[in-house]
Amino acid sequence: SAGDLFALLMKQLAQVRIIGTNTRGIFSDMYGFTLPNKWMLSLSNQRYYNDEMICFEGTGVPVDVEIHNTRKNLIEKADPVLEAAVSMLRNKNPANQIRKPSGTLVPIQLLDKMLQDAIDSFNIPGMAVAFIDDGKIIHEKTFGYADLAAKKQVDRQTMFETCSMSKPVFAYFVMKMVDKGIIDLDTPLYKYTSYPELEYDNRYKLITARMVLSHTTGLPNWHQYEPPDSSLHVPAGAQYFRFPPGTQFSYSGEAYQYLVNVMIKLLHTTPTGLADVVHRELFVPMGIRYARFGWNDYIANHKSFGYRQNEKGINKQGELKKFEEFSAAGGLHSDAADYARFMIGTMKGTGLTSTSLKEMLRRHVYLSDSTSAWTLGFSVYKTKYGDLFFHSGNNGDFTCSMAFNKDKKCGYVILTNNN
């Protein structure tokens, strides 16, 4: 009982790893009594719980890294459990393990199986993932098909649409332009270039880059799909404000595209030229190799098809979208490793002043649940392991997700080619 209880208590500590096999699961003192036939019987009469109210009586305290010590090991005076412990102390992340923010290690084989099970369950054609620990990519994996009809498998060169996860990449680029003095976060954008679609409403002169990046412009995501309330008296088909700029949160891809036009004007370039500037100013310093806004021959040769599932769960292939214009809202193509490099660069603040990085990642607007907020580019959640920065994306036939913990220097990115 003492050994089990000791293991249970030690497992609550973030810095502790338990190696070997599960404990016996004998926590309780025994309640003993004598049966009429003089047999002695004892039963468990206590329950011990961890801080998540889980009882391990009978099953034992689970280990973080499972290693079996055999009779043969004893005969040969070998101790693989102790050897693994020494290896863990020497290496921050032992081979074939991924560290969770809690510090618990997860076998990569188990994680890959979990992902494969999800792919099979949801009938996802293809997926690419990358995991980060200690500021480095420690695991990269691809699954399934980029082209179902041709049976072309997803590989590490396969390019996916990163959908709305394009936005934080563009936001980081804008912050770099702030550092260079090219744009100011709080100067009204109309002073840089006009917004003809909104000139009928003078409130558009209040929009700033800070509002765009924190989704507080008051613009809808896409007005074509979000008709205005009749009480707003908006001209038919016109872009509109849901509320005055700077007063509330309202996620908006349209606002990002306005900021794209501003950057094109300030940099005296074209949409294609802006993609070149982002590559030079942001991607090269971060070691990003193939990701790009827009279209080029590499993307044409390596892009996955996207798929939409119908009500029967059958994947129907969509049209191959090129995003030849610069779309900060959803037009970045990337493989999993390149997007992970962007996340690592963000955690390090590559190419940004410390002031700009702090400004980008601080909370600018709190959401209604008060536990989450929006920075300049990311949503952020407070967890017991620190701030978790998050973004996801959905282009209809591509979906994706990413998250990172800057303090723990860990994160993940998942790219898929269906809805």
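Reply: Buried means under 20% relative accessible area, exposed over 50%, and partly exposed in between (1.4 Å probe, protein chains only). The model is predicted, so local features need pLDDT of at least 70 and side-chain atom pairs pLDDT 80 or more, while totals for chains, interfaces and linings use all residues. Residues are numbered from 1 along each chain as its sequence is written, and side-chain values use heavy atoms, with hydrogens and water left out.

Me: Which residues of helix H11 are buried, and which are exposed?

Reply: Helices (H or I, at least four residues) and strands (E, at least two) are DSSP runs, numbered from the N terminus. In H11 (residues 354-361), Ser356, Leu357, Met360 and Leu361 are buried. Viewed down the axis, these buried residues fall within an arc of 120 degrees (taken from directions from the axis to the C-beta atoms), so they line one face of H11. Ser354, Thr355 and Lys358 are exposed on the other side of H11. The cover over the buried residues includes H5, helix H10 (336-348) and strand S18 (386-394), where contact means heavy atoms within 4.5 Å.

Me: How do the axes of H5 and H7 cross?

Reply: Axes are lines fitted to C-alpha atoms, for helices over the stretch in contact, with angles from 0 to 180 degrees between N-to-C directions. Those of H5 (residues 166-179) and H7 (residues 253-266) come within 12 Å and cross at roughly 35 degrees. From H5, Lys167, Phe170, Ala171, Phe173, Val174 and Met177 make the contact, and from H7, Gly253, Tyr256, Leu259, Val260 and Met263.

Me: Where do His233 and Phe323 lie, and what is phi in each?

Reply: His233 is in the loop between helix H6 (209-213) and H7, with a positive phi near 55 degrees although the residue is not glycine. His233 is exposed at 68% relative accessible area. Phe323 belongs to the loop between strands S13 (315-317) and S14 (332-334). Its phi is also positive, near 50 degrees, and at 23% relative accessibility Phe323 is partly exposed.
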